[in-house]
Amino acid sequence: MGFWIFMLCMNLLLPLMMIGFGGLFLKHPPKEINGAYGYRTSRSMQNQEMWDFAQTYFGKLWFRWGLVLLPVTVLLMLFVLGKDMPTVGTVGGWLSGILCVVLCIPIYFVERALKQHFDETGKRK
């Protein structure tokens, strides 16, 4: 049971991080373009307007996706409650890997939105 609780906690870190940082980016996005904090791609850092758009859009996606992933993670881990350690480890490991992939998917949507709303010079369409 202890290992199951550990795996549940580890797998909940990513959805909780998405909710936390998503909410932070929605309410208090990084104000200035910087290379240390925020949604940082070459397209999002072209100008201040693109930067602001990318921060709030990325925050909205991460917040929503985190809210969806949180109960899904709990439900998937409940399927292995009471199972042996190798089963819990395998399912927990696969779930962790899938969550890491899902964590990166919003990048595609933010870049697509930037292309749709801004031209190549960084001006709003």
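Residues are numbered from 1 along each chain as its sequence is written, and side-chain values use heavy atoms, with hydrogens and water left out. Because the model is predicted, local features need pLDDT of at least 70 and side-chain atom pairs count only at pLDDT 80 or more, while totals for chains, interfaces and linings use all residues.

**Exercise 1. Determine whether the span of helix 1 agrees with its number of residues.**

Solution. Helices are DSSP runs of H or I with at least four residues, numbered from the N terminus. The expected span of a helix is 1.5 Å times one less than its number of residues. Helix 1 (residues 2–27) has 26 residues and should therefore span 38 Å. Its end C-alpha atoms are 37 Å apart, which agrees.

**Exercise 2. State which residues of helix 1 are buried and what covers them.**

Solution. Buried means under 20% relative accessible area, exposed over 50%, and partly exposed in between (1.4 Å probe, protein chains only). The buried residues of helix 1 include Trp4, Leu8, Leu12, Ile19 and Phe25. Gly23 also lies in helix 1 and, at 16% relative accessibility, counts as buried. The cover includes helix 2 (48–78) and helix 3 (85–117). By contrast, Met1 belongs to the segment before helix 1 and is exposed, with a relative accessible area of 66%. The C-alpha atoms of Met1 and Met85 are separated by 8.7 Å, although these residues are 84 residues apart along the chain.

**Exercise 3. Describe how helix 1 and helix 3 pack.**

Solution. Two packed helices are described by the angle between their axes and the distance between the axes. Axes are lines fitted to C-alpha atoms, for helices over the stretch in contact, and angles run from 0 to 180 degrees between N-to-C directions. For helix 1 and helix 3 the angle is about 5° and the axes are 9 Å apart. Helix 1 is therefore roughly parallel to helix 3 (under 35 degrees; over 145 is roughly antiparallel, 65 to 115 roughly perpendicular and the rest oblique). Contact means heavy atoms within 4.5 Å. Among the residues that meet are Met7, Asn11 and Met18 in helix 1, and Gly92, Leu99 and Leu103 in helix 3.

**Exercise 4. Classify the aromatic pairs Phe53 with Phe118 and Trp65 with Phe109.**

Solution. Rings of Phe, Tyr and Trp (its six-membered ring) pair if their centres lie within 6.5 Å; planes under 30 degrees apart count as stacked, over 60 as edge-to-face and the rest as tilted. The structure holds nine such pairs. Phe53 and Phe118 lie 5.6 Å centre to centre with 75° between the planes, an edge-to-face pair. Phe53 is in helix 2 and Phe118 in the segment after helix 3, so the pair ties together parts that are 65 residues apart in sequence. Both Phe53 and Phe118 are buried. For Trp65 and Phe109 the centres are 6.0 Å apart and the planes at 65°, so this pair is edge-to-face. Trp65 lies in helix 2 and Phe109 in helix 3, so parts 44 residues apart in sequence are tied together. Trp65 is partly exposed at 24% relative accessible area, and Phe109 is partly exposed at 26%.

How values were computed: Helix = DSSP H or I, 4+ residues; strand = E, 2+ residues; numbered from the N terminus.
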